[in-house]
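Please examine the sequence and the structure before reading each solution.

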Amino acid sequence: MTIKLYNTLGREKQDFKPHNPDEVKIYLCGPTVYDLLHIGNFRGVIFFNLVRRWLEHLDYGVKFVLNFTDVDDKIINKAAENNEDALTLSKRYIEEYKADYARLQLSPHELNPKCTDHIDDMIQFISGLINKNHAYATDDGSVFFDIHSNKDYGKLSGKNIDDLEAGHRIEPDPRKKNPLDFVLWKPAKEGEPSWESPWGNGRPGWHIECSAMNHAIFGDCIDIHGGGIDLIFPHHENEIAQSESLTGHCFATYWMHNNFIRFGDEKMSKSLGNVIKARDFMDTYHPEILKFMILSVHYRSELNIDQNNSHQSISRLARIYHAIQMAQQYPSPQANQAHDAFEAVLTSASEKLTEGLNDDFNTPIAFASIFEVVREFNALTDSLKKKNPQLHSAAASFLKWINEKGKLLALFQEEPNTFLSTLDAILIKEKNIDIQEVDRLIEARNKARAEKDYEKSDQLRDALLKLDIQVQDGPDGTTWEVKKH
C-alpha cells in the first residue's frame with residue numbers, strides 16, 4: 001500500500017518512493033543544546049519516532065539521524081552568562097537531553113552527530129562552494145553564501161528573492177555582495193570556541209552545519225528531512241541552496257514539518273514567557289501523557305497544551321488502560337474459541353489505522369480506530385459472562401492488538417495498575433482533593449451499606465462525586481478513583 005507524505009517542497013501530498021527501500025535516510029534537525037528542552041522541541045522528536053517505526057513496520061530499512069548543535073551564538077551567550085566554557089555547557093545539556101529522551105522510551109537513532117565532530121567536513125564543504133563560485137571569503141575571515149548564485153533559492157518556502165530584498169530592514173553589511181547572503185564561516189572572537197581554517201580561526205555558521213553533517217553521513221541525497229515549521233525559512237531554505245549548489249543533486253526528496261505548540265490562546269515562545277520544559281511537564285504529568293497529547297493531533301496542525309487538554313488526555317488514556325487492566329484479569333483461552341464478531345472489529349480497525357497512517361500520518365484516524373476497539377471490547381465485557389471462553393479469547397486478542405499498535409506509537413506499554421494509580425495521583429494533586437475527607441466519606445458509606453441504610457449510602461456517593469470521586473462496589477470491597485472527564 002502506498003504511503004503519501006505532505007511534501008513542503010511542492011506543497012502537496014506525494015507518494016513515498018525512497019531511493020533505497022532497505023535504507024530510508026531520515027535526518028531530523030536536532031536541538032541547540034544550551035538549556036533544558038521545552039515540549040515544542042520534543043514534538044518533532046516524538047512524531048518522527050512514529051514515522052520511523054511505521055516505515056519499519058512496513059518492512060523498510062531506516063537509518064535515522066538527529067544532530068546536536070553544540071556550537072552556536074545561543075550556547076556562547078549562555079556560557080558567558082554562566083561564566084563557563086561553551087563546549088562544557090553544550091556537553092552538559094546533551095546529557096540532559098538524553099535523560100529526557102530516555103524517559104520517553106523512543107527508539108534510539110542510528111547517529112546523533114555533534115557539529116564539533118564535523119568541523120573538517122564543514123571546512124571542506126565551504127571550500128567546495130567557494131571553488132564553484134557559490135560562496136566568497138572576505139578580508140576579516142568571514143565566508144558568505146551568494147544566494148544569487150542559486151537560481152532555485154526560495155523554492156521550499158515560496159519566497160522570492162526580489163520580495164525579500166524589498167522587505168529587508170537591516171542595515172547593509174559592506175562585506176556582503178547582497179544583504180541576504182548568509183554566513184558560512186565566522187571569524188574567531190575572544191573567548192569563543194574556534195578552529196583553524198583556510199580563512200583564519202573561526203567557527204561555522206548555523207546553516208552549514210546540518211548540510212555538512214548530512215553530506216558526511218548520507219552523501220548527496222536523503223529521503224526525508226524533518227523539523228519544525230519555523231525552520232522552513234531561512235534554515236532549511238539555506239540548507240537546500242548550499243547543498244544542491246555543491247553537489248548538483250537533489251538534497252532531500254521529502255521535507256516534513258511539524259507545526260507549533262500553543263499554550264491556551266498563544267503560541268508557546270520564550271518571548272511570551274509561557275515555555276513549558278519537557279522535563280517539568282513529565283514530572284508534573286507523565287511521559288506517556290506528553291506522547292499521547294502530541295500524537296493525538298495531526299503533526300501539521302497546531303497543538304494546544306493546557307491543563308484542560310492535559311486532563312482530557314488523562315481521561316482518554318484511562319479508558320484505554322482500564323480496558324487493558326480488565327483484559328489482563330481473564331485467564332488465557334484454553335482452546336480456539338474466537339469471538340468472530342470481535343475479530344472482525346480488530347481487522348477493520350487495523351485497516352483504518354493503516355489507512356490513516358499511510359495518509360500522511362493521520363494519527364487522529366489511528367486513535368479513532370483504537371478507541372473503537374476499546375469500546376467494542378468494553379461492550380463484550382458487559383454482555384458476556386466472565387467465564388465465557390469467547391470473552392477470554394477476545395481479551396487475549398485485544399491485549400495482543402493493543403500491544404502491537406501501542407509499540408508503533410510508543411504508547412500503552414505501562415503496567416496498567418501502576419499507571420492508573422499514577423493518573424489518580426496526578427488528578428488528586430491538580431484538583432486539590434482531600435484524601436482524608438475521601439477516606440472518611442468512604443468509611444461512612446461502607447457503614448451505611450452494612451446497616452442497609454441505602455438512602456444515606458446514596459447521599460454519601462453523591463458527596464463523593466462532588467469531590468470528583470467515583471466509587472465502585474465489588475466482591476472484594478469498595479474501590480475508588482478520581483473522575484476523569
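A residue is called buried under 20% relative accessible area, exposed over 50%, and partly exposed in between. The model used here is predicted.

**Exercise 1.** Determine whether K13 is buried, exposed or partly exposed, and describe the salt bridge between K13 and D359.

*Solution.* Step 1: the relative accessible area of K13 is 38%, so K13 is partly exposed. Step 2: D359 has 27% relative accessibility and is therefore partly exposed as well. Step 3: the side chains of K13 and D359 form a salt bridge, with an N to O distance of 2.8 Å. Step 4: K13 belongs to strand β2 (residues 12-15), whereas D359 is in the loop between α11 (340-358) and α12 (363-383), so the pair ties together parts that are 346 residues apart in sequence.

**Exercise 2.** Explain where E437 and R440 lie and how exposed E437 is.

*Solution.* Step 1: side chains of opposite charge can pair when their charged atoms come close. Step 2: in the salt bridge of E437 with R440, the closest N and O atoms are 2.9 Å apart. Step 3: both residues lie in helix α15 (residues 435-450), three residues apart, which is about one turn of the helix. Step 4: E437 has a relative accessible area of 27% and is partly exposed; R440, at 47%, is partly exposed.

**Exercise 3.** State how many residues of helix α9 are buried.

*Solution.* Step 1: helix α9 spans residues 287-296. Step 2: ten of its ten residues are buried, and the helix is mostly covered. Step 3: the buried residues include E288, K291 and F292.

Notes:
Residues numbered from 1 in each chain as written. Predicted model: local features only at pLDDT ≥ 70, side-chain atom pairs only at ≥ 80, totals over all residues. Heavy atoms only, no water. Buried < 20%, exposed > 50% of the residue type's maximum accessible area, 1.4 Å probe, protein only. Helix = DSSP H or I, 4+ residues; strand = E, 2+ residues; numbered from the N terminus. Salt bridge = Lys/Arg side-chain N within 4 Å of Asp/Glu carboxyl O.
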